[in-house]
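Hello,

The structure we discussed is below, with notes on what was found in it. Please look it over when you have time.

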Amino acid sequence: MRALLCSFFMILALASASTAETLDRLREISAGFVTKDYGQVQATAEALAATGDARVATALSALRGGDLRFRKSDKQVFRVEKVGRDYALFDPFTGEAMGQAGSRETSKIKVNNAIRNAIDGLLGGLTLRADDPAIRLDAAEALFKSRDPGALAALGSAIEAETDGSVRDAMREARASILLASAQNEPQALIEAVETIRARGGQDALGLLAQIGADYPEPVQEAAAQARRGIEQSLMLWGYGQSLWQGISLGSVLLLAAIGLAITFGVMGVINMAHGELVMLGAYTTFAVQEVIRTSAPHLFDVSLLIAAPLAFLVAGAVGVAIERGIVRYLYGRALETLLATWGVSLILQQAVRTIFGPNNREVGNPSWMSGAFELGEMTITYNRLWILVFALTVFVLLLLILKRTPLGLQMRAVTQNRAMAADMGVRTAWVDAMTFGLGAGIAGLAGVALSQIDNVSPNLGQSYIVDSFMVVVFGGAGNLFGALAGAFTLGIANKFLEPLAGAMLAKIAVLVFIILFIQKRPRGLFAIRGRAVEN
Amino acid sequence: MRKIISAAVAAMALSWGAAATAEETIKVGVLHSLSGTMAISETTLKDAMLMLIEQQNAKGGLLGKKLEAVVVDPASDWPLFAEKARELISVNEVSAVFGCWTSVSRKSVLPVFEELNSILFYPVQYEGEESQRNVFYTGAAPNQQAIPAVEYLMDQGVERWVLAGTDYVYPRTTNKILEQFLKDKGVAEEDIMINYTPFGHSDWQTIVSDIKAFGSAGKKTAVVSTINGDANVPFYKELANQGIAATDIPVVAFSVGEEELAGLDTAPLVGHLAAWNYFMSADTPENAEFIDAWHAFIGSEDRVTNDPMEAHYIGFNMWVKAVEAAGTTDPDAVIDALVGVSVPNLTGGYSAMMPNHHITKPVLIGEIQADGQIETVSETPGLVAGDAWSDFLPDSKPLISDWRAPLSCGNFNTATGKCGGAGE
């Protein structure tokens with residue numbers, strides 16, 4: 001075996017000594033890409049990788065990304081980069097610029113999932129010795145998935161040369177995964193591999209171990225079964241953690257959606273059916289900001305949300321003040337009319353947005369710091385939801401400070417508790433009403449900025465949140481911000497623990513029924529305000 | 001003086017009459033929601049219809065008359081669909097109606113079309129189990145979309161299946177058909193996971209982690225998605241964020257087309273699949289012409305074309321051909337003339353209207369690309385004829401539909417030899 005390896009490496013060395021020759025060879029092989037047959041494309045990719053030439057890696061990643069095209073006239077294969085409507089052509093192996101071509105002059109070398117999978121494995125084999133540890137880690141992960149026995153030798157030497165501990169572990173796991181793919185390997189090696197996989201844990205490991213069937217030696221089967229039980233147990237515990245996190249995350253979304261309503265409905269007693277549309281306006285503000293940034297200052301994209309947040313607050317707040325001054329103030333004390341009027345406003349806002357921005361979903365991108373996820377043990381925590389939680393709590397604290405520590409907050413509370421007396425003390429109650437409503441509306445706009453990151457930005461965005469928002473406020477207790485906080489998280493967590501048991505549909509129904517029963521028992525919600533304000 | 005006046009009156013009457021004949025038009029009803037939840041999908045179809053009618057008028061109209069579009073807005077409100085359909089047929093006296101998207105809106109207008117004897121062209125893929133004399137189904141039946149897609153994934157080695165859908169009639173029926181189909185193919189009960197979510201579901205964390213867990217049992221897993229409309233964007237965002245790539249667990253969707261992808265960053269979705277009868281990426285001269293005309297009509301190069309638009313293109317051209325053949329817009333004559341009509345589709349072939357009022361189409365399986373387009377990776381070798389009654393449901397297995405005389409029945413039971421569905 002070792003002799004064979006040696007000669008293999010010698011051939012490699014020889015080959016790289018005469019680069020021009022190998023380049024011709026690579027080009028010759030790559031002619032196989034000029035086809036519509038996916039099988040042949042994959043075979044060609046494999047043949048290229050089998051040369052072991054490092055330059056193949058760039059060509060293969062280009063193929064995977066759909067950036068490999070051939071010129072229709074002479075069937076030559078190029079790596080391309082889009083330049084306006086045309087393509088700039090590069091040599092797929094050396095990267096040398098080869099001029100330009102129109103999009104109709106070249107044809108894309110099509111790949112499908114099977115080929116992408118194969119390429120991942122092949123690239124894994126080629127990049128095990130890359131300089132960047134992150135690439136080496138990716139390579140090990142790719143081999144873990146592809147389980148290509150041909151990569152065993154390369155893995156073995158890479159493990160010995162590896163200096164980074166975590167990369168080495170990943171490589172060992174990849175080797176174990178490849179070994180476990182075949183029942184013909186030595187039982188002792190298989191058992192060791194099972195142990196390595198067990199130490200890795202997680203759902204991937206479970207899937208690997210599940211494949212150890214009756215054709216494996218008995219001790220291996222036993223070890224695998226034991227390892228599976230252990231992993232399943234720890235997964236179950238982590239599962240609770242995952243549900244809890246998902247519940248908290250759903251709670252934070254509910255809190256954001258409801259917190260503005262806790263002001264307009266909770267504090268002022270206005271049933272504002274247009275609340276959801278104010279959220280939507282916030283989301284569209286984010287879209288508009290991103291659109292401007294995309295066209296005029298792309299480098300600012302990562303801070304687009306920070307720019308959008310104050311703007312969304314102002315836009316939604318201004319619309320809120322307009323609604324209050326234009327409609328709601330004439331209807332104080334007439335709940336039913338307010339409900340109908342604000343519902344009408346919600347329809348007008350929806351259709352206005354539909355007319356201006358079109359009925360289609362608008363693309364709001366996630367900034368890089370809000371994309372992806374990280375693993376905490378066996379839990380997956382997505383960055384966008386983590387940041388939304390942080391954002392929701394920040395907004396909550398800010399709002400609390402405004403209500404408790406500012407003159408405006410003091411006046412708001414005074415007007416809610418006793419309007420006549422507040423007016424006697426010189427508080428401009430009408431102005432305070434407008435500002436309170438505007439504050440609630442502005443916060444709805446802030447919610448829209450956050451929701452644009454997880455939901456689709458369409459004219460219907462608001463509708464899906466209005467019922468949930470009212471539920472949170474009614475459940476938590478109108479007029480109490482802490483009620484909204486507790487209500488949102490209770491409902492979120494309850495929903496997420498019910499969902500795996502009952503399904504999304506039933507979980508939602510169950511939560512609704514629970515709230516109805518709860519309101520029967522405690523009509524004023526979780527945190528009821530007592531006192532004269534309530535009695536009027 | 002009196003003479004002059006009477007002459008003037010006569011002249012006026014004459015010219016008025018002349019104007020009336022010159023402006024006599026054939027009216028075409030367009031019944032798509034322009035507001036409410038479904039506006040997102042249906043507004044485009046309204047525009048597509050207006051474009052097709054404009055093109056036909058440029059070609060000289062139909063039977064020597066101009067076509068006139070009558071657009072109404074049923075506002076995503078199902079009972080309103082029935083009212084607006086009645087208004088189109090009895091008040092505006094349209095010759096045919098192109099419209100509806102959701103199955104429930106179609107079901108709501110069915111009795112109206114039957115009662116007033118008019119024609120409806122329905123352009124959206126649906127669950128089947130229906131064939132009505134006055135309705136022509138130009139979208140896909142399950143055997144023209146769902147079954148070929150699942151067969152393709154089976155070829156790719158998928159052994160474990162998640163059937164995820166929105167909770168209403170189309171996904172429920174489609175999944176029932178697919179479940180039976182999979183079991184017939186030897187897939188075990190525990191290798192199928194079925195999941196339903198409410199309309200507009202936006203919190204996909206639990207379901208995506210469930211799919212991830214289900215997919216790690218050591219067998220290649222795929223998700224068959226009948227998730228509808230708005231709920232797709234948060235679903236795909238969650239998939240991308242939780243790091244489920246198409247190379248691990250591919251998702252094949254029946255309700256996600258170019259239009260739906262327009263609101264998404266598709267880079268993390270590359271390789272997820274869609275099954276339709278048309279993709280904007282289809283490389284044919286007809287399609288290139290259609291796309292150019294659409295861009296010119298709508299005034300934007302960014303707008304995409306999609307499968308239901310092609311269905312309207314086919315349906316409209318079929319109607320035009322049938323009216324020309326019948327020489328009249330009389331519904332009975334046109335309904336009879338429509339069966340057997342064959343017109344070019346946009347993917348380089350011909351689609352024909354079958355006696356069961358469904359059409360023949362190629363089935364394309366495509367993978368989503370980073371630019372939001374869908375690229376064909378597999379195509380049925382020939383055309384597939386739409387089957388109104390699925391062969392995979394015990395109740396509908398013996399049923400056939402044939403609207404030609406002498407059978408003239410939408411649910412003929414071959415087991416009992418009677419027209420009237422599965423009963424007895």
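Chain contacts

In this predicted model, 46 residues of chain A are in contact with 46 residues of chain B (contact: C-beta atoms, placed from the backbone, within 7 Å). On the chain A side, α5 (113-126), α10 (202-210), α11, α14 (335-357), β7 (379-382) and α20 (481-521) each supply at least two residues; helices (H or I, at least four residues) and strands (E, at least two) are DSSP runs numbered from the N terminus. The largest share, seven residues, comes from α20(A). By class, this side has eleven nonpolar, 24 polar and eleven charged residues (nonpolar: Ala, Val, Leu, Ile, Met, Phe, Trp, Tyr, Cys and Pro; charged: Asp, Glu, Lys and Arg; polar: the others, Gly among them).

Domains

An automatic or database assignment divides chain A into domain 1 (2-117), domain 2 (127-216) and domain 3 (238-535). The C-alpha centres of domains 1 and 3 of chain A are 52 Å apart.

Conventions

Residues are numbered from 1 along each chain as its sequence is written, and chains are lettered from A and ligands numbered from 1 in the order written. Local features need pLDDT of at least 70 and side-chain atom pairs count only at pLDDT 80 or more, while totals for chains, interfaces and linings use all residues.

Regards

Conventions
Two residues are in contact if their C-beta atoms, placed from the backbone, lie within 7 Å.
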